Amino acid sequence: MPSAEDIKQRIETAIPGASAEVEDYTGTSDHFRATVVAAAFQGLSRIEQHRLVYGALGEEVGGAIHALTLKTLTPSATTTP
């Protein structure tokens, strides 16, 4: 079973410049919540952004990772005017 730190590292390695926060929200190492900020998301639809993240985790999504709640943002979306 992957840990929240394992998932964070895999996302940040697969998406250059990404910053991820990952939480095991049930404590069972199979339900995770992740917020990922990456310039690579610029111009992509929400579905395309999520596909990038899922691609980093491969076949574990739906297997060892039973549930993954995602919030994806671009760096400009995280700054306040």
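In the predicted model, three strands come together in an open sheet whose order is β1-β2-β3, and the pairing within this sheet is mixed. From one strand to the next, the twist averages 15 degrees. Strands of a sheet pair through backbone hydrogen bonds, either parallel or antiparallel. Here β2 and β3 run parallel and are joined by seven bridges, and Arg33 has Thr69 in β3 as its bridge partner.

Two helices pack on the sheet. Helix α1, which covers residues 4–14, touches β1 and β2, and its direction makes about 155 degrees with that of β1. Helix α2 touches β2 and β3, and the direction of α2 makes about 125 degrees with that of β3.

Within helix α2 lies Gln49, which counts as buried because its relative accessibility is 6%, under the 20% limit. The side chain of Gln49 reaches the backbone oxygen of Leu44 at 3.1 Å. When residues up to four places away in sequence are not counted, Gln49 touches Phe41, Leu44 and Thr72.

Ala39, by contrast, is found in the loop that lies between β2 (31–37) and α2 (46–57), and it counts as exposed because its relative accessibility is 54%, over the 50% limit. Between the C-alpha atoms of Ala39 and Gly63, which are 24 residues apart along the chain, the separation is 28 Å.

Methods:
Residues numbered from 1 in each chain as written. Predicted model: local features only at pLDDT ≥ 70, side-chain atom pairs only at ≥ 80, totals over all residues. Heavy atoms only, no water. Helix = DSSP H or I, 4+ residues; strand = E, 2+ residues; numbered from the N terminus. Buried < 20%, exposed > 50% of the residue type's maximum accessible area, 1.4 Å probe, protein only. Polar contact = N/O pair within 3.5 Å; in protein donor to acceptor, adjacent residues only side chain to side chain. Contact = heavy atoms within 4.5 Å. Pairing = 2+ DSSP bridges. Axes fitted to C-alpha atoms, helices over the stretch in contact; angles between N-to-C directions.
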